[in-house]
Amino acid sequence: KPDETVKSKEIPLPASINAMFIEREKEIVHDDPSLHDGRIRSFGHEKNNWASYVYIDLQDCELDEAKNFLVKELVLEPIDHHHLSISRVVSLRHHWIDPFIKSLKDNLEQGKAFPLSLDKLQVYTNDDKTRTFVGLEATVGVKELQKLTTSVDYCFSEYKLPPFYYPPSFHVSLGWCLGDMRAQIRNRLQKLELKLVDIMEDDGDFGRLLVKNVHCKSG
């Protein structure tokens with residue numbers, strides 16, 4: 001089993017907020033599609049290059065009931081690590097990682113905590129349309145997310161890396177399946193949304209989070 005090293009770095013915020021963190025994780029990647037349900041990477045793995053992205057961790061956000069419902073109704077594979085991406089997945093050279101983290105810190109250190117709500121059901125595919133995702137889109141906190149993405153895009157531009165999608169879609173994916181199944185799933189969205197309304201009414205904290213942290217994963 002490959003060795004894993006996890007390092008955590010802190011981005012200071014105003015005194016009213018404890019911290020905004022950038023977390024870095026590294027692992028050796030062996031890209032064998034047979035080991036992960038036929039999924040493929042959008043770019044091949046290269047030695048000393050790390051697949052990297054910037055995101056908001058949503059593990060403290062109440063989403064499990066909605067995920068379990070959608071996975072059962074649509075026969076999806078569940079996604080266990082809930083997160084909201086604010087960058088594309090890019091390939092970072094190993095010697096870029098430390099200066100890239102510093103650049104993110106410098107550009108995000110003035111950030112303030114903000115409320116986020118995820119409650120709009122959406123269907124997506126990855127870039128090459130080999131996977132379909134079902135998730136929830138942000139309806140509160142969008143302007144703040146756009147500001148974060150602008151800062152991250154600036155850091156990416158220093159390394160000639162591509163910016164975030166335009167127009168941006170800020171969402172959390174809760175389940176996935178192989179292939180482009182958007183048309184089939186969209187036909188069922190209206191009925192599913194009615195059930196999600198019931199879930200949201202039963203749980204006042206559903207899909208809500210005070211965003212204090214930003215993470216960067218490389219590996």
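Just after helix 1, V75 takes a positive phi of about 55°. Helices here are DSSP runs of H or I with at least four residues, strands are runs of E with at least two, and both are numbered from the N terminus. The model is predicted, so local features need pLDDT of at least 70 and side-chain atom pairs count only at pLDDT 80 or more, while totals for chains, interfaces and linings use all residues. Residues are numbered from 1 along each chain as its sequence is written, and side-chain values use heavy atoms, with hydrogens and water left out.

V75 is not a glycine, yet its phi is positive. The residue sits in the loop between helix 1 (64-74) and strand 4 (77-78). V75 is exposed, with a relative accessible area of 70%. Exposed means over 50% relative accessible area, buried means under 20%, and partly exposed lies in between (1.4 Å probe, protein chains only). A second residue, K129, also has a positive phi, of about 60°, although it is not a glycine. K129 belongs to the loop between strand 7 (114-125) and strand 8 (131-140). Its relative accessible area is 42%, so K129 counts as partly exposed.

Helix 1 itself has a buried side. Its buried residues are A66, K67, F69, L70, V71 and L74. An α-helix has 3.6 residues a turn, so residues three or four places apart point the same way. The buried residues of helix 1 pack against strand 4, strand 7, strand 8 and strand 9. They also pack against helix 4 (182-186) and helix 5 (189-202). Contact means heavy atoms within 4.5 Å.

The whole chain gives the setting. The secondary structure of the protein chain comes to five helices and eleven strands. The chain has 219 residues, and 43% of them count as buried. Its accessible surface comes to about 12400 Å², and carbon and sulfur atoms hold 48% of that area. Accessible areas come from the Shrake-Rupley method with a 1.4 Å probe; for residues, only the protein chains shown count as cover. Among contacts with a separation of 6 or more, 79% join residues 24 or more positions apart.

S151 is found in helix 3. At 19% relative accessibility, S151 counts as buried. N107 is 44 residues away from S151 in sequence, but the two C-alpha atoms are 6.0 Å apart. Leaving aside neighbours within four places in sequence, S151 is in contact with N107 and L108.

S87 lies in the loop between strand 5 (83-85) and strand 6 (90-93). This serine is buried, with a relative accessible area of 3%. Residues up to four places away aside, S87 touches Y53, V54, V152, F156 and F164. A polar atom of the S87 side chain lies 2.8 Å from the backbone nitrogen of V54. A polar contact is a pair of N or O atoms within 3.5 Å; within protein, one must be able to donate a hydrogen and the other to accept it, and residues adjacent in sequence count only if both atoms are side-chain atoms.

Aromatic rings were examined next. Rings of Phe, Tyr and Trp (its six-membered ring) pair if their centres lie within 6.5 Å; planes under 30 degrees apart count as stacked, over 60 as edge-to-face and the rest as tilted. By this rule the count comes to six aromatic pairs. W96, F100, F156 and Y159 form one aromatic cluster. R131 lies over the face of W176, at 4.3 Å from the ring centre. A charge sits over a ring if NZ of Lys or CZ of Arg is within 6 Å of the ring centre and within 35 degrees of the ring normal.

The cysteines form no disulfides. A disulfide is a pair of cysteine sulfur atoms within 2.5 Å. The sulfur of C216 has its closest cysteine sulfur in C155, at 9.6 Å, which is too far for a bond. C216 is buried, at 1% relative accessibility. C61 is buried too, with a relative accessible area of 5%.

Finally, a cis peptide bond joins Y166 and P167, with omega about -5°. P167 is found in the loop between helix 3 (142-157) and strand 9 (171-178).
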